[in-house]
Amino acid sequence: MGIENAVFEVRLERLVYGGEALGRLPDGRALFAAFGLPGELVRVRVVEEHPRHVRAELLEVLEPAPERIAARCRHYGVCGGCHYQHLSYEDQLRAKQAILKDQLERIGHFTDPPVQPMVPSPSPWNYRNTMQFHLDPQGKLGFQRANSHTVVAIEECHLPEEELNAIWPLLEMEPVPGLERVTVRQGDETLLALESSGGALPTFQVDMPLSAVWMGPEGGDPIVLAGDDFTRFEVLGRAFTVSAGAFFQVNTAQAEALVKHVAERAALGADDTVLDVYCGVGLFSAFLAPRVGKLIGVEMSPQACADFALNLDEFENVELYEGAAEDVLPKLKVRPRGIVVDPPRAGLERAALDAIVGMGPEWILHVSCDPATLARDLARMVKSGYTLREVTPFDLFPQTYHLEAVAWLTKTGA
Ligand SMILES: C[S@@+](CC[C@H](N)C(=O)[O-])C[C@H]1O[C@@H](n2cnc3c(N)ncnc32)[C@H](O)[C@@H]1O
């Protein structure tokens, strides 16, 4: 007989990647529960049963850990957006650093990986330049519930920058068939992206100074409803045009820290070639291009490529390949001195990774937003003749389990 809905008292052991804490059922199976802390005795209800593990909902903390603090947000624990508000910021940083080390050891099989202290976000609250809302059945802006696809309407959120927090509560939406997500980006101007899974173009009225676009399910160019289809962000004194469909780092202050870190590790000279793979709108490229003979960007998103061309227009030494890294890289006949990669969560496709190490660069900087795929990629790079010099975690996403890390590898023996 299954144990779904059964209630257990469990002592939690440690935090794992994904925002949950790990404990054990009496039968030895692993139990994962969100919002718990190591050492705590908790009462939980099993919500999902699998042969080797279960997922459980936290009902009550019977013996709280000394580190437990009160959460700031009234939606905490219901909304799925934050995972660590019950830890002080210092404890969050320590926890995430330990999780990164653990992933490198378990998945990458590294012994004592060179994980550096986490670089903290200058602000642990109100740091996001972009918010992605879902709509509840009444059309109210909300977030997905923890462990669910249903939407909880929200009245407060402590993650957006203050300027963005002043805007989103003013947005009034009628329930629109097919309208799934609303993204609000606060650059030099506010950009609203209405993402739809189908249905007619919504009627749209605006009485505040903002741009708005509608993005249909087939991709393609967004339809402009008001203003422009882009906004601009400034990083280390440079302006970046970012279209509605293009990726941009959500924590601008930490984007600066990331760029500085990558630029410092990237040994380059005026005659060198450097690759920026998964280059987006050109965030790293813009700071590397002035230092090299040739910079080659590789990016799949047409919108990001168009922005890249605009953002790096002043440079004569820049080439951009629009396409999937795993298709483009194996055909590139270059000998770069170094390669920066910043893939999405899935990490590097095997063909992309093989092509990268096959070019034999002196160094590789792997910027990652997923410690599990990072660990896998790094292990493959080390097997292919690279030495892992350091892994530096950056907290781009305080209060959540997400973590960014930059790994620096050099060719073994070079
Ligand atoms: C994490 S973002 C990094 C962008 C940029 N480095 C930055 O910091 O702004 C990853 C980028 O990779 C692009 N991308 C995703 N899959 C790709 C693939 N298979 N080949 C090339 N680019 C890809 C996405 O469009 C996105 O711009």
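This is a short chat about the structure above.

Reader: What kind of model is this, and how are residues numbered?
Author: The model is predicted; local features need pLDDT of at least 70, side-chain atom pairs count only at pLDDT 80 or more, and totals for chains, interfaces and linings use all residues. Residues are numbered from 1 along each chain as its sequence is written.

Reader: How is the protein divided?
Author: Into domain 1 (7-68), domain 2 (96-122 + 249-411) and domain 3 (130-186 + 190-227). The bounds come from an automatic or database domain assignment. Between the C-alpha centres of domain 1 and domain 3 there are 34 Å.

Reader: What is the order of the 7 strands in the open sheet?
Author: The order is E18-E17-E16-E19-E20-E22-E21, and the pairing is mixed. Strands (E, at least two residues) and helices (H or I, at least four) are DSSP runs numbered from the N terminus. Two strands pair if DSSP finds at least two bridges between them.

Reader: Which strands stand at the edges?
Author: Strand E18 (318-322) and strand E21 (386-394) do; each has a single partner strand, so one side of each lacks a neighbour in the sheet. On average, neighbouring strands of this sheet are turned by 15° against each other, direction ignored. Axes here are lines fitted to C-alpha atoms, for helices over the stretch in contact, and angles run from 0 to 180 degrees between N-to-C directions.

Reader: Which helix packs on the sheet?
Author: Helix H1 (residues 89-106) does, touching E21 and strand E22 (404-411). The direction of H1 makes about 155° with that of E21. Contact needs C-beta atoms, placed from the backbone, within 7 Å.

Reader: Is E16 buried or exposed?
Author: E16 is largely enclosed by the rest of the structure, because 5 of its 5 residues are buried. Thr-273, Leu-275 and Val-277 cover one side, with Val-274 and Asp-276 on the other. Buried means 20 or more other C-beta atoms within 10 Å of the residue's own, exposed 12 or fewer, and partly exposed in between, with C-beta atoms placed from the backbone.

Reader: And Thr-111, buried or exposed?
Author: Thr-111 is exposed, because 7 other C-beta atoms lie within 10 Å. Thr-111 sits in the loop between H1 and strand E7 (130-135).

Reader: New topic. Which residues come nearest to the ligand?
Author: Of the 19 residues around the ligand, they are Tyr-278, Gly-280, Met-300, Ser-301 and Asp-342. A residue counts as near if its C-beta atom, placed from the backbone, lies within 6 Å.

Reader: Which elements supply the shell around the ligand?
Author: Strand E17 (294-299) and helix H6 (325-328) each give at least two residues. The shell divides into 13 nonpolar, 3 polar and 3 charged residues. Ala, Val, Leu, Ile, Met, Phe, Trp, Tyr, Cys and Pro count as nonpolar, Asp, Glu, Lys and Arg as charged, and the others, Gly among them, as polar.

Methods. Two residues are in contact if their C-beta atoms, placed from the backbone, lie within 7 Å.
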